[in-house]
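I opened this entry to keep track of what I looked up, in the order I looked it up. The structure goes in first, then my notes.

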Amino acid sequence: MLKPRNTAANVITTIVAALLSILLVILLFATAIIGTANSLFTPKGLGKVVNDALQNVDFEQVIIDSAEDMDIAEEDLKEAQIINRLLKTDAAEEIINRFTADIAASLNGEEGGHLNDMHFRKIVHEHADEIVDVLCDIDPSIDRETVREEMHKYVDENAEALVAELMTIVTDAVGAADEIYPILNGFKTAFIALLAVCILLAGGIYGCRWYRFGGFLWMGIDTAVAGLFTLLTALAIKSDLLTEMLAESPQDGAIITATVYGIGGHFMRTALLMLGVGVLLIGLFILLKFTVVNPKIKAAQTAQVTPAAPLPAAE
């Protein structure tokens, strides 16, 4: 490791490593985009997007903005306020996670059954205090215990019908799954293939720049650059320009903005992960340089300067 490298070999391996690095950055970026897009259709990913969207949409404000075009009564505004608050509760988040898990399962050709009437009743009963707090907050005049009893009675009697209505959406998704499933399956295959190629390219780059652990520096820079491209993509997705292009009305804009921000958040997390890996690889190179390489160089230089001890005289 401490011997000088052959100049010709150093030049050739540098050129090869540079070419491989360009290819690696492109493929890492493609892997990040395809992998993140694929993760959006997993139960966890889809649930995260939907919940993030609902957390950021003010349905009450959407109704108010629509008041000019629609005959909105005060009772409608109150109902929108209740819906807006309830959708931001832990109970709603848990129901939505189960619901989106069923959608994701249908889109991926898997078994569903994550949400049924038993789950619905259990979630509402477990989070009854939170739901009652919301209702009493909006209308302090109502009796807390009466609301609790009526809510339990309504959910117990109508849970099956409510879940069936939600599952109609899943059924519609299953109908479209015949077209979507091959695309998602292709994304998974492409992601695995690209990841394998990226690993091979990274190995080739390290093989070219292994001298004094330089391969870690090259791989770190490549990963960080690909992460930067992914970050720019995330910012572009979350930009107002994309929302304006997709929204046909101001009311749609609020919902689309929240959804787009949720999707952009997935890409942002991928970008930060890649940037973090890049920094770690660069940090590993620096650590090895100061703890392994530099001490060996110093020891070799000291050995060259220090004269050899004289041999003992023969008797």
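**Core, confidence and charged pairs**

I looked for the largest nonpolar core and found 23 residues in it, with Leu-115, Phe-120, Val-124, Ile-131, Met-151 and Val-155 having the most contacts inside it. I noted that such a core is a set of buried Ala, Val, Leu, Ile, Met, Phe, Trp, Tyr and Cys residues joined through side-chain atoms within 4.5 Å. Buried means under 20% relative accessible area, exposed over 50%, and partly exposed in between (1.4 Å probe, protein chains only). Helices H5 (90-107), H6 (117-126), H7 (128-138) and H8 (144-208) each give two or more residues to this core. H8 supplies the largest share, seven residues.

I then listed the contacts (heavy atoms within 4.5 Å) of Leu-115. Leaving aside neighbours within four places in sequence, Leu-115 touches Ile-95, Arg-98, Phe-99, Asp-102, Phe-120, Val-163, Leu-166 and Met-167. A second, separate core has 19 residues, among them Cys-198, Phe-216, Ala-226 and Leu-281.

I checked what kind of model this is: it is predicted, local features need pLDDT of at least 70, side-chain atom pairs count only at pLDDT 80 or more, and totals for chains, interfaces and linings use all residues. Residues are numbered from 1 along each chain as its sequence is written, and side-chain values use heavy atoms, with hydrogens and water left out.

I looked up pLDDT, the predictor's confidence in each residue, from 0 to 100. Its mean over the protein chain is 82, and 81% of the residues reach 70 or more. Helix H10 (residues 240-246) is lowest with a mean of 65, and helix H9 (residues 214-237) is highest at 94. Where pLDDT is low, the predicted coordinates should not be read in detail.

I counted the secondary structure as eleven helices and zero strands; helices (H or I, at least four residues) and strands (E, at least two) are DSSP runs, numbered from the N terminus. Of the 315 residues in the protein chain, 35% are buried.

Which residues pair in salt bridges (a side-chain nitrogen of Lys or Arg within 4 Å of a carboxyl oxygen of Asp or Glu)? I found five such bridges in the structure. One of them joins Asp-117 to Arg-121, with the closest N and O atoms 2.9 Å apart. Both residues lie in helix H6, four residues apart, about one turn of the helix.

Asp-129 meets Arg-148 at 2.5 Å, N to O. Asp-129 lies in H7 and Arg-148 in H8, so this pair ties together parts 19 residues apart in sequence. Arg-148 is buried, at 18% relative accessibility, whereas Asp-129 is partly exposed at 43%. Glu-145 also bridges to Arg-148, at 3.7 Å. Shared partners join Asp-129, Glu-145 and Arg-148 into one network.
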